[in-house]
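Hi everyone, thanks for making time today. I'd like to walk you through one protein model, so please have the sequence and the picture open as we go.

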Amino acid sequence: MLYSEVATALEFTLHKLDSGVTGPTLLVIGGIQGDEPGGFTAASLLVNDYQVTKGQVWIVPNLNFDSIIRRSRGIYGDMNRKFSTLRNSDPEFETIGKIKAIIKDPQVSMILNLHDGSGFYHEEYIDKDENSQRWGQSIVIDQSTIPAKHYGDIESVARRVIASANRDTADSKAQFRLKNTRTREGDKEMEKTLTYFAINNGKAAMGIEASKNYPTHVRTLQHLRVLESMMDTMGITYSRNFKLTEKSVFDKIGSNIQLALFDNKIRLDLDDSRRSIGYVPMKKRSPMEFTANNPLVAVVKSNQGYKVRYGNRGVTFLDPQHFIFDDSLQQADFEIDGKNRLVPLGTVVDVNESFSVTPIKDHRVNIIGFKRTGYSNESGLSIRRHEILPRFSVDKQANKFRVEFYKGKKYSGMVLVNFVGDNKLAKK
Ligand SMILES: [Zn+2]
């Protein structure tokens, strides 16, 4: 799946997992506050790694995308206090209008707003971390029943979800508990929230709070337990492509960041990437355009270059070199480990031992970091890993190298070569 953005405006994205089989529609919202990664990471896993087989799940994994990228609760204040009244001069006025319209969509019958909250909620005072003032490990409702067409008995729905989510949890702290804020009885702060807006528009809505006392991957796992319990309760069926354990969630969220710039003219695999990548060809006098495989990835201008961000994490810094782009080359003939292969530009190819690029009329090849000097065109040479300087790789393990194509002074595109054979520099 690919998500595109023009880097000047980071707008939230709506992803619809539609099974094609009639059933209810659950709307999941992540990232209303930018520094609560458990919620928005869980939402991004739903988008990328779940398949819905009955009903629909709609997901906005990055509602406050600018704040997520800057690891701020809210760069324009708390977005979850902007749902009752808002001046049209507010920088988030349009965003709020758009998410309100999605919440009110007649198809949506349940809304979950994902948060990470402090400590552990408990009705009684256990200790300073576990008491009624805390939010972590709670499902939050505004009132017991709501005037909604579906799931008006919202407290009993929440209790069913909690029972199911807690099924395999022996640790009392980790168990989800119901928190009713009784917003209508005079909680002026809670009246401004997304869920209160939803219930006043006839929609069932709850907040989910994973505990900030846990690291991100554990919070993510906690959210997924509740999300799955909610889908089970609603009769939405699904499958996922990983195990629901701390280890596999950790692995899932730590890997696989694919990025393409300027319509695939630059193609980077940013797993284990270096902190900075130099001489990245960029389009002269043109705004940044990027595509990523994850809705939490963004490329943002920073000083003389661009930062690549993945949720709250920094991935790398791209140090640009500006070119006029040439569109006359779409693919190149390679010989890879002794076999001929036609490789489209903008892709990644695995190489065991060696590769060479067949000479192309009017185009020259530049292998970034190639040790042998004196070649203005590096096509026609058989190249092994040790002939490229490791520090020019895209990744820290020195497996992935850029092969760039030029027509005169114009940049035509690249292929990323991934050496998969034994690497004596590699740690694993
Ligand atoms: Zn929150």
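**Strands, hairpin and domains**

Let's begin with a pair of strands: strand 24, which covers residues 364–367, pairs with strand 26 in the antiparallel sense, and four bridges join them. Before going further, please keep in mind that this is a predicted model. If you want one spot to look at in that pairing, find Val365, whose bridge partner in strand 26 is Phe405.

Strand 26 has another neighbour too. With strand 27, residues 410–419, strand 26 pairs over eight bridges, again in the antiparallel sense. Here you can look for Lys400, which has Asn418 in strand 27 as its bridge partner. Strand 26 and strand 27 make a hairpin with two residues between the strands, and in that hairpin Gly408 takes a positive phi near 60°.

So why is strand 26 largely enclosed by the rest of the structure? Strand 26 runs over residues 400–407, and six of its eight residues are buried, so the rest of the structure largely encloses it. Buried here means that 20 or more other C-beta atoms lie within 10 Å of the residue's own. As a bit of background, side chains in a regular strand alternate between the two faces of the sheet.

Four strands make up an open sheet, in the order 21-20-23-25, with antiparallel pairing. At the edges stand strand 21 (339–344) and strand 25 (383–384); each has a single partner strand, so one side of each has no neighbour in the sheet. For strand 25, look at strand 23, residues 354–357: the two run antiparallel and are joined by two bridges. In that pairing, Ser354 stands opposite Arg384 of strand 25.

Let's zoom out to the domains. The protein is divided into domain 1, residues 3–253, and domain 2, residues 257–419. Taken over C-alpha atoms, the centres of domain 1 and domain 2 are separated by 38 Å.

How values were computed: Residues are numbered from 1 along each chain as its sequence is written. This is a predicted model: local features need pLDDT of at least 70, side-chain atom pairs count only at pLDDT 80 or more; totals for chains, interfaces and linings use all residues. A residue is buried if 20 or more other C-beta atoms lie within 10 Å of its own, exposed if 12 or fewer, and partly exposed in between; C-beta atoms are placed from the backbone. Two strands pair if DSSP finds at least two bridges between them. Domain bounds come from an automatic or database domain assignment.
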